[in-house]
Amino acid sequence: MQQFQIRKDDFLAQQLVTLSAAEEQAELAEGQIRLAVDSFSFTANNITYAAAGNQLGYWQFFPPVGKQSQGWGVIPVWGFANVIESRCEQVPVGERLFGYFPPASQLIMQPTHISDTRLMDGSEHRAKLPPGYNSYSRVLHEPHYEPATEPERMLLWPLHITSFCLWDALKDKDWRGAKQIIVLSASSKTSAGLAYALFQDPDAPATVAVTSARNTALVKSLQVYDHVVEYDQLSDIDTALPSVIVDMSGNSAVLNALAEHLGENLAYCINVGLTHWDETQSASAIAAERREFFFAPGHIQQRMKDWGPQGFAERSQRFMLEAAAWSRQWLKVKTLHGLSGLAEIYPDVCQGRIAADEGIIIQLAKKN
């Protein structure tokens, strides 16, 4: 078994740990299953998991293996895995699951709450973690499962579900009284998904994209933002309009400069991602009552109470399918092989050197 790990105090430090057969768990306990991880996506969103690993518990999902694991962590990824051994009668060998996995060759889980199309991992160390991350789709039982769409599902589902929740949260609060929504790091796939949702909503305010010079052409080509400005053009943003900032960047210097520019017309700020995690600063010029850190799993849980699990699934999946179809116009998928492939591309993802319209898929299993 092999696992990709990074240093919790230095994201650029990485290692591949290989366990011998003797070091692996030889026998499954009653009710457990062993999965071979097949493939997963890797995006800036995964770096956000690392940056918020201590605050939001992301390091707890998949403990690092090996004798020298102190100080190392495992970044969760979204992907597919196959059941290769089972002591759970309801989940036989050959099942294929979509969900939250470690960047590793194998994983042992304890299925609970098993239905025809879903199951939960009931492993003890995950019991207190957000249930949305412990839920897995049994894809072979889905009526519309299509293997050809797996890459975009890995890449876009974890991002666009946040886009959907952001749009829904803003709409539910009547846009916080804003006449324009300003999106920082507008080229990110989560930002693009949010912009698409707002573009499709006739009641939504105008949108302003803030992006880098190298991504300006791409952001304009998406044709879902009303205005596009670069980071050194913040003064071009209209200060006469009540505004909401959706910050995907985590760059406090940019955020504080924009907040100062907007002054009293900054109605609210929603912090979401950390695409610029290495430029994050702790101080914020925005009053605490006018800002929040948006945690999509919390919003999902609330909407499941409001609409019921089926109601949430129907509404969110409708958006996901439409947004994925739109994304096919501009998204380029790049497939790399093995955890060594992840190790090679990891510094580029970590330091924001991947093209905004490119999506990275790591393929572990060999295809026939």
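This report describes helix packing and sheet arrangement in a predicted model.

## Basis of the description

The model is predicted, and local features need pLDDT of at least 70, side-chain atom pairs count only at pLDDT 80 or more, and totals for chains, interfaces and linings use all residues. Residues are numbered from 1 along each chain as its sequence is written, and side-chain values use heavy atoms, with hydrogens and water left out.

Helices (H or I, at least four residues) and strands (E, at least two) are DSSP runs numbered from the N terminus. Axes are lines fitted to C-alpha atoms, for helices over the stretch in contact, and angles run from 0 to 180 degrees between N-to-C directions.

## The three-stranded sheet

An open sheet of three strands is ordered β2-β1-β4 with antiparallel pairing, where two strands pair if DSSP finds at least two bridges between them. Because β2 (10-18) and β4 (72-73) stand at the edges with a single partner strand each, one side of each is left without a neighbour in the sheet.

Strand β1 (residues 2-7) is joined to β4 in the antiparallel sense over two bridges, and isoleucine 6 stands opposite glycine 73 in β4. Helix α8 (residues 338-350) lies across β1 and β2, and runs at about 175° to β2.

## Helices crossing α7

The axes of helix α3 (residues 150-172) and helix α7 (residues 296-327) come within 8 Å and cross at roughly 120°. That angle makes α3 oblique to α7, given that angles under 35 degrees count as roughly parallel, over 145 as roughly antiparallel, 65 to 115 as roughly perpendicular and the rest as oblique. The crossing of α3 past α7 is right-handed, a term used if the near helix is turned clockwise from the far one by less than a right angle. By class, the contact of α3 with α7 has 14 nonpolar, six polar and five charged residues, where Ala, Val, Leu, Ile, Met, Phe, Trp, Tyr, Cys and Pro count as nonpolar, Asp, Glu, Lys and Arg as charged, and the others, Gly among them, as polar.

For helix α4 (residues 189-200) and α7, the axes come within 11 Å and cross at roughly 110°, which makes α4 roughly perpendicular to α7. Helix α4 passes α7 in a right-handed crossing. Contact, meaning heavy atoms within 4.5 Å, is made by Ala192, Gly193, Tyr196 and Ala197 of α4 and by Phe319, Glu322, Ala323 and Trp326 of α7. By class, this contact has six nonpolar, one polar and one charged residues.

## Asparagine 45

Asparagine 45 is placed in helix α1 (residues 44-51). Not counting residues up to four places away in sequence, asparagine 45 touches Pro158 and Leu159.
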